[in-house]
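Q: Could you walk me through this model, feature by feature? I would like to learn how to read each one.

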Amino acid sequence: MTILRSVLALGVVLGCVGAVKREDFKTCAQSGFCARNRAYAELAKETPNWISPFQMNPSSLRLKDGILTGDLIDTQEEKQPSPRPGLAFELHLLDNDAVRVRITEREGVLPRYDGVQDTVLVKPYGMAKDSSYKQLSKDTDGVLSIQYGAQRQNTVKISSAPFKIEFLVNDVTTVVLNGEGLLRFERLRKKQVEEANEEGKLNDQEARKKEGEIKIEKSALELKLEENLWEERFKDSTDSKPRGPESFGLDITFSGINHVYGIPEHATSLSLKATKGPDAPYSEPYRLYNLDVFEYEVDNPMALYGSVPFMLGHSKNSTAAVFWMNAAETWVDVEKTAEDKNSGILSWIKSKKAVPAPSTKTHWMSEAGILDVFVFLGPTQRDIFRQYSSLVGTTALPQAFSIAYHQCRWNYNTQQDVAEVDAGFDEHDIPYDVLWLDIEHTNGKRYFTWDEAKFPNPTDMQQSLANKGRKMVTIIDPHIKKDDQYHVSKEGNDLDLYIKNKDGQSAFDGWCWPGSSQWIDFYNPKARDWWASQFSYDRYKGSTKTLFTWNDMNEPSVFSGPEITIPKDVIHHGNVEHRNVHNLYGTMFHSATAQGLIQRNETNQRPFVLSRAFFAGTQRYGAIWTGDNLANWEHLEIASPMLLTIGLSGIPFSGADVGGFFGNPDAELLVRWYQAGAFYPFFRAHAHLDSKRREPWLFGEPYTSQIREAVRTRYTYLPFWYTLFHETSVDGTPIIRPMFTEFPEDETVFAMDDQYMVGDALLVKPVTKPGITRSSVYFAGNEKWFDIKDYSVEQGPGIKEVASPSDKIAVYQRAGTIVPKRERPRRSSKAMEHDPFTLVIALDNRGEASGRIYLDDGESFHYEQGDYILHEFRVSQGVLSSHDLRTESKVKVSEYVQRIGALRIERLVFLGSKIALTKVNVGDRSLQVDCTHAPNGGGHVCTVKEPQVAIGESFSLSFE
Ligand code: NOJ
């Protein structure tokens, strides 16, 4: 084992760029429950006229206060000599129009874990009011229907025999549960009883077989259903599975919907590829199991660092989503199909086509817990984002600095090194906000400590960055070096805060960066509070108000563990087996850290914590990134679909390591990555310990200037980005958006993931291949698009070849939008705080446009008391108006609002005007306007300098 550890650690440290070690990670066939549930699906397929053995007992159904309950019977089990009680079924109608379906054991041998909801759901949700739904009488086949939704546009139909749930929107079937009959539910059982029964059965069967009474041949698939029920081996590890098998599976069909998205994290396309069916590109299901995958491969459904079991389906006619609330290992098969036996009939009739609407069948398989799934029917994507985020929470409004540019590498080695890198940015006039320190800054990977020889005076170091408005981030991982002399380790032991071995007594011990380590049990509320207290300034010596945190390795990564993570049978607080909560561990850690950063200040400062592992709800605690990518073009290319997927699954604050973590990018790749990264919500360059230094100026000209231009572009758009962060913090709308989110009816864009939108206004197409100087961009809609650099115009819809020379990528502002900017180059975002604004007004064909600005102090929680500015700009009929959007009850005219609201708008740029503007007036003041022509003959570009209006002022300005 020691050798194995050393080899592993060495492999990681050397960072030799090779291929993923697939053999370190399970395939579905090597994961007992996945193999069993997949075998069941095969059995269903091979069995003519397969029907689900599950039946709802119709007389057991009761609907009260928005909750329908009933008894679900497994007719196969019923045939056993001593059948167990049926499964408990619940369907909740929520006040946000979502529906929740829960299935679990009634009177199980042991309780099944049902605690995910306690940490994932933000609050007990409201149930639909009695008046907002209507139960229709059961039809002759025992189908019970309930109409619900704001306009009663939705119907949920529960069929009894076989059991099936259909969700219809305006009478069109949209989502079907168990339509394929793959519902399967492994009952908890007692091992000894089972073994004795098994023995008894065999003896009995042997005897009867000898007497020629029965045939006991089982098909290979039926036998597979009984494999690996108890102990399970993988490579040199054994999962003891003391509770035995407890998995379940269910098929979910998106009827009439050919594209499904979500279920991050996988290095794959935005529109999920099929894993089953005749031409399926993948043969493995998508796996959701937080893992530290060394040198991950692109175009692969293997599990990565984070998991969000949220899937969205979209077609021209409908949008629907499901959230499978389970934090155990989960696999999802996806199959595209032309025919839909769940009656896409109505949708075909509607679309008046003779062919059946295509559908997507998905099959969800989880190892433990209870079946708990939410169904969202929109009707629009925005509704779904709102419905989903009202359950799992929206993105916490970040510190303003954290959406600017971050400079990181493993490692900045000394205080001197930090000072030089910091000075390098100033010398080369490149703005940046945060300098990061990786694990080598600590005393022997003891987090919350410093290597005093290399960083003798961390407080001064942070102060000198802070003097320029800059911040620092240090890494704090969840593994704690075993060392009684290390205060964190000792306290963790004294207070009994570590994860326990399967005996539930001794602390689990594994191998990570510091060598032999233990892992804090973040499921223990006491451990979370204690952890949070470690961030107080008196405990974390050398930390200051401008020091923030990076949580890494929190899947958790355990070099000596099965699949480089912690064994599933270790025990958490409350005797909870890790198996049940694996995918949530990183989030619990992330939340405790964020809590610590909030608590350390009396003055109400927002935290900033970056995490590698994530789950549904992570957005409430901070940002995430896509882990250890490679410095190659494929990884640059895959970053866009990965970030789009993570964003639409509720975690918009995410980024990929700019430059690529492993290996050495050449100058061209590095520049292209900066140009793309400037349009990631989280924008950080990072590099492996053994990679060559690559600070932005090290490749010389023209590269330094190209990188400067990319980073400065990000800074000019910070007011726009911050406004988008505010928007998502309110309603969960993603910040970077797939084209299909903004153009939901344009089928051309449903699978498009090499270009995307930032908010509703900017179209971005990164260059992801070497040697490119032109890009083909799809301009959607019957609208104009304006190049953000030279204002040249393209007319949609259609694909156009546009210039992408080495100093820019294609970024266009959509007609009909108004984007707030700050255009003065500064050292850091803090240094821009008092700068004036520019509004870029891109008029549409009707001469209209709209946009917003949100501003607050960028660091405190005072905005919760109404201490912010939210203005809407609108152009209509030759008038640009700005008005306050704050609601009456929240309006507060604080000193801050007055000061910031008084900052002036220094420039208005009108694009897309059919005529050159000649007269611009605010009240009776007339303003000077200068017009030029856009380079490719696309109309007028008219600039009004110093319109003498303030950003927080309601005004109206006329132009002609
Ligand atoms: C793994 C992280 O993914 C990487 O970003 C970091 O540099 C190393 N751990 C060392 O802390």
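Q: Where is glutamate 265 placed?
A: Start with how elements are named: helices (H or I, at least four residues) and strands (E, at least two) are DSSP runs, numbered from the N terminus. Glutamate 265 sits in the loop between β15 (259-262) and β16 (286-288). A cis peptide bond, omega about 20 degrees, joins proline 264 to glutamate 265. This is a predicted model, where local features need pLDDT of at least 70, side-chain atom pairs count only at pLDDT 80 or more, and totals for chains, interfaces and linings use all residues. Residues are numbered from 1 along each chain as its sequence is written, and side-chain values use heavy atoms, with hydrogens and water left out.

Q: What is found in the loop between β28 and β29?
A: Methionine 553 is there. Its phi is positive, about 55 degrees, although methionine 553 is not a glycine. Proline 556 also lies in the loop between β28 (547-551) and β29 (571-572). The peptide bond from glutamate 555 to proline 556 is cis, with omega near 0 degrees.

Q: How many residues surround the ligand?
A: Count a residue if one of its heavy atoms lies within 4 Å of the molecule. Here 13 residues qualify, and the closest are Asp438, Asp552, Arg612, Asp628 and His686.

Q: At what angle do helix α12 and helix α14 pack?
A: Axes are lines fitted to C-alpha atoms over the stretch in contact, and angles run from 0 to 180 degrees between N-to-C directions. Helix α12 (residues 525-533) and helix α14 (residues 585-599) pack at about 45 degrees, with axes 7 Å apart. That makes α12 oblique to α14; under 35 degrees would be roughly parallel, over 145 roughly antiparallel, and 65 to 115 roughly perpendicular.
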